[in-house]
Amino acid sequence: MMTRKFTGRHFAIIMVVGFGIVVAVNFFMATLATRGFGGVVVENSYVASQKFNGWLEAAREQEKLGWSIEPSRDGDGRFAVRTASVPELATMRIEIRRPLGEPEQATINLVREADGTYRSPEPLAEGRWLTRLYVQAGENRWAKEVMIQ
């Protein structure tokens with residue numbers, strides 16, 4: 001059996017290939033990271049922290065309304081919301097955006113149908129959407145954020 005001698009050239013090739021793989025993976029992961037984030041969560045974290053208690057109070061007031069809202073995607077691909085205890089004259093809209101990838105967003109006013117379900121006039125494009133749902137009936141306001149696929 002013949003054995004080869006391990007030389008400096010072999011060591012150099014192993015080092016170059018090894019570090020080449022590490023650098024290639026780092027560039028690939030950095031590219032995915034920069035393409036995957038569509039924006040900021042809050043513009044100013046300090047200002048958001050100062051408003052936090054107000055947001056908690058608004059959530060408590062929202063709970064007192066007793067409205068039950070179940071958002072989903074129907075068989076036609078439209079955004080659908082089934083409600084309970086929501087006044088008939090309530091208006092509903094959603095703000096949708098992609099949580100990852102290309103920054104795609106829209107605001108859609110939902111239409112109330114005869115069975116009391118609110119639906120988007122057009123189907124949503126395929127994929128994952130982060131939706132912020134707003135309901136208003138007179139002075140009463142209700143909001144919820146849900147992920148729809």
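Biologist: In which helix is the place of Ile-21?

Modeller: This is a predicted model, in which local features need pLDDT of at least 70 and side-chain atom pairs count only at pLDDT 80 or more, while totals for chains, interfaces and linings use all residues. Residues are numbered from 1 along each chain as its sequence is written, and side-chain values use heavy atoms, with hydrogens and water left out. Helices (H or I, at least four residues) and strands (E, at least two) are DSSP runs, numbered from the N terminus. Among these elements, the one that holds Ile-21 covers residues 8–36 and is helix α1.

Biologist: Is Ile-21 buried or exposed?

Modeller: A residue is buried under 20% relative accessible area, exposed over 50% and partly exposed in between, with a 1.4 Å probe and protein chains only. Because its relative accessible area is 52%, Ile-21 is exposed.

Biologist: Is Ala-80, by contrast, buried or exposed?

Modeller: Ala-80 has its place in strand β2. Its relative accessibility is 0%, and therefore Ala-80 counts as buried.

Biologist: Which residue of β6 is the bridge partner of Ala-80?

Modeller: Two strands pair if DSSP finds at least two bridges between them, and β2 and β6 do so in the antiparallel sense over two bridges. Within β6, the bridge partner of Ala-80 is Arg-119.

Biologist: How many bridges join β1 to β2?

Modeller: β1 and β2 form a hairpin with five residues between them, and Gly-77 in the turn has a positive phi of about 90 degrees. Arg-73 has Phe-79 in β2 as its bridge partner. The two strands run antiparallel, and the number of bridges joining β1 (residues 68–73) to β2 is six.

Biologist: What separation do the C-alpha atoms of Ala-80 and Thr-117 have?

Modeller: Thr-117 lies in the loop between β5 (111–112) and β6 (118–119), and it counts as buried because its relative accessibility is 6%. Contact means heavy atoms within 4.5 Å, and, leaving aside neighbours within four places in sequence, the contacts of Thr-117 include Ala-80. Although Ala-80 and Thr-117 are 37 residues apart along the chain, their C-alpha atoms are separated by 6.8 Å.
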